[in-house]
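Visitor: I would like a close look at one part of this model, and then at what lies around it in your account.

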Amino acid sequence: MRQHIDSYNFTGKKAIVRVDFNVPLDENFNITDDTRIRRAMPTLKKVLASGGSVIIMSHLGRPKKVDPKFSLKHIVKHVSDCLGVPVKFAPDCQKADEEAKALKPGEALLLENLRYYAEEEGKPRGLAEDASEEEVAAAKKAVKESQKAFTAKLASYADCYINDAFGTAHRAHASTAFIAKYFPNDKMFGYLMEGEIEAIDNVLKNAKRPFTAIIGGAKVSSKLGVLENLLPIVDNMILGGGIGYTFVKAQGGKIGESLHEEELIPKAKEILAKAKELGTNIYLAPQTLIVQTFDNDAPSKLVPTIEIPDDWEGVDCGPESSKFWREVILNSKTVLWNGPVGVFEMPNFARGTLAIAQDLADASAAGAYTLVGGGDSVAAVTQMGFADKVSYVSTGGGAMLEAMEGKILPGVAAIME
Ligand code: AMP
């Protein structure tokens with residue numbers, strides 16, 4: 001049975017807490033963005049303040065073996081500073097019995113990178129490229145088998161389990177899902193996970209209307225599940241960025257060399273027809289900023305999106321599109337945003353995306369619930385200094401997308417079951 005962090009009695013207990021400390025590091029191992037660390041602090045501090053101790057576990061990067069480059073020792077000092085207590089470090093997450101045993105109330109221990117072990121993900125490593133199907137199947141079976149002992153070891157360190165790693169909630173890994181089975185009556189979400197789940201419910205289950213989803217980014221294929229799941233739920237769908245051109249072409253527009261997926265044109269037509277049937281408004285960009293060479297300083301011009309000349313490609317929505325979309329956004333009571341509406345990484349093509357960030361801040365000020373889910377959209381609101389001017393900024397790109405696809409996240413299910 002699931003417990004709640006606010007009512008659970010942590011006195012004298014050891015909590016093993018899965019966090020997402022997969023933070024970006026520079027070449028000198030300095031943390032360049034510590035958002036993920038800071039967002040996990042309320043949970044860790046709550047346990048310590050309630051008379052418990054914490055065993056913190058995370059992955060960092062994608063090591064395929066023990067590799068000092070991906071060691072969590074690089075972040076121990078910063079985590080200590082944020083937590084306000086000196087954090088101890090266990091250099092092997094599978095051999096931390098003594099360190100865990102010695103923990104006293106109010107103390108914290110950080111385990112070394114979980115992904116040093118293949119068992120964390122439960123996927124075989126080091127298979128020869130020409131491995132036969134049988135060999136692959138045997139290796140998969142073996143790692144799944146040894147994953148049980150790996151998980152049991154982690155579980156043995158603690159009295160209760162807290163999952164606060166939304167960034168990996170869409171993965172069924174040892175530390176994000178399987179470990180929960182060892183704590184049938186002592187498992188719970190941390191505050192960050194609770195916040196993310198509430199944000200998802202606020203848009204998928206309890207949206208106030210009108211509800212507008214803004215979906216941008218590069219490819220339709222990577223967001224198809226999101227589009228199909230949201231179509232019957234939302235009132236308005238704004239489609240921008242690379243995604244928009246496949247739809248413009250599906251409607252007979254000329255898109256020049258703009259990014260699109262030819263093979264998805266039938267699917268785009270299907271989505272447009274379904275939207276009509278459902279009464280969902282689809283708003284494409286009426287105007288586009290185009291260039292002939294994919295370069296920040298390339299000469300550019302503004303044209304109607306349906307009339308992009310051959311040899312030119314769209315790199316941002318034009319100001320007319322921003323104006324048109326702004327009206328839709330400001331008339332909404334719920335707004336969900338995922339994906340830039342232009343090549344946001346290049347400053348000259350970021351205007352449209354930054355305008356959406358502004359619109360979300362303004363919609364929030366007018367009382368709308370606004371959720372920014374994932375990657376570049378988060379970077380845009382942060383760059384504008386609007387992270388606290390929208391209702392919620394999600395910490396999990398992939399996890400948020402899967403939630404928006406209507407999928408049950410394994411990390412969430414493991415606690416709820
Ligand atoms: P995603 O990860 O799917 O949200 O896609 C983000 C990427 O979409 C960013 O790297 C943007 O540069 C890219 N993108 C957005 N608009 C365009 C566009 N018009 N042409 C090419 N790439 C785009």
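Visitor: Where is Pro210 found?

Guide: Pro210 is found in the loop between α6 and β8 (211-215). Helices (H or I, at least four residues) and strands (E, at least two) are DSSP runs, numbered from the N terminus. The model is predicted, so local features need pLDDT of at least 70 and side-chain atom pairs pLDDT 80 or more, while totals for chains, interfaces and linings use all residues. Residues are numbered from 1 along each chain as its sequence is written, and side-chain values use heavy atoms, with hydrogens and water left out.

The peptide bond that joins Arg209 and Pro210 is cis, with omega about 0 degrees.

The axes of α6 (residues 191-204) and α13 (residues 397-404) come within 11 Å and cross at roughly 35 degrees. Axes are lines fitted to C-alpha atoms, for helices over the stretch in contact, and angles run from 0 to 180 degrees between N-to-C directions. The crossing of α6 and α13 is right-handed, a term for the near helix being turned clockwise from the far one by less than a right angle. On the α6 side, Glu196, Ile200, Val203 and Leu204 make the contact, and on the α13 side Met400, Ala403 and Met404; contact means heavy atoms within 4.5 Å. These residues divide into 6 nonpolar, no polar and 1 charged. Ala, Val, Leu, Ile, Met, Phe, Trp, Tyr, Cys and Pro count as nonpolar, Asp, Glu, Lys and Arg as charged, and the others, Gly among them, as polar.

Phe29 lies between β2 (14-18) and α1 (35-49), and its phi is near 65 degrees, a positive value in a residue other than glycine.

The ligand is the last stop. A backbone N or O atom of Gly314 lies 3.1 Å from a nitrogen atom of the ligand, and for Gly342 the value is 3.3 Å; a polar contact is a pair of N or O atoms within 3.5 Å. Taken alone the ligand exposes 500 Å², and the protein buries 79% of that, with areas from the Shrake-Rupley method and a 1.4 Å probe. The elements that give two or more residues to the shell around the ligand are α8 (241-250) and β15 (313-317).

Key:
Polar contact = N/O pair within 3.5 Å; in protein donor to acceptor, adjacent residues only side chain to side chain.
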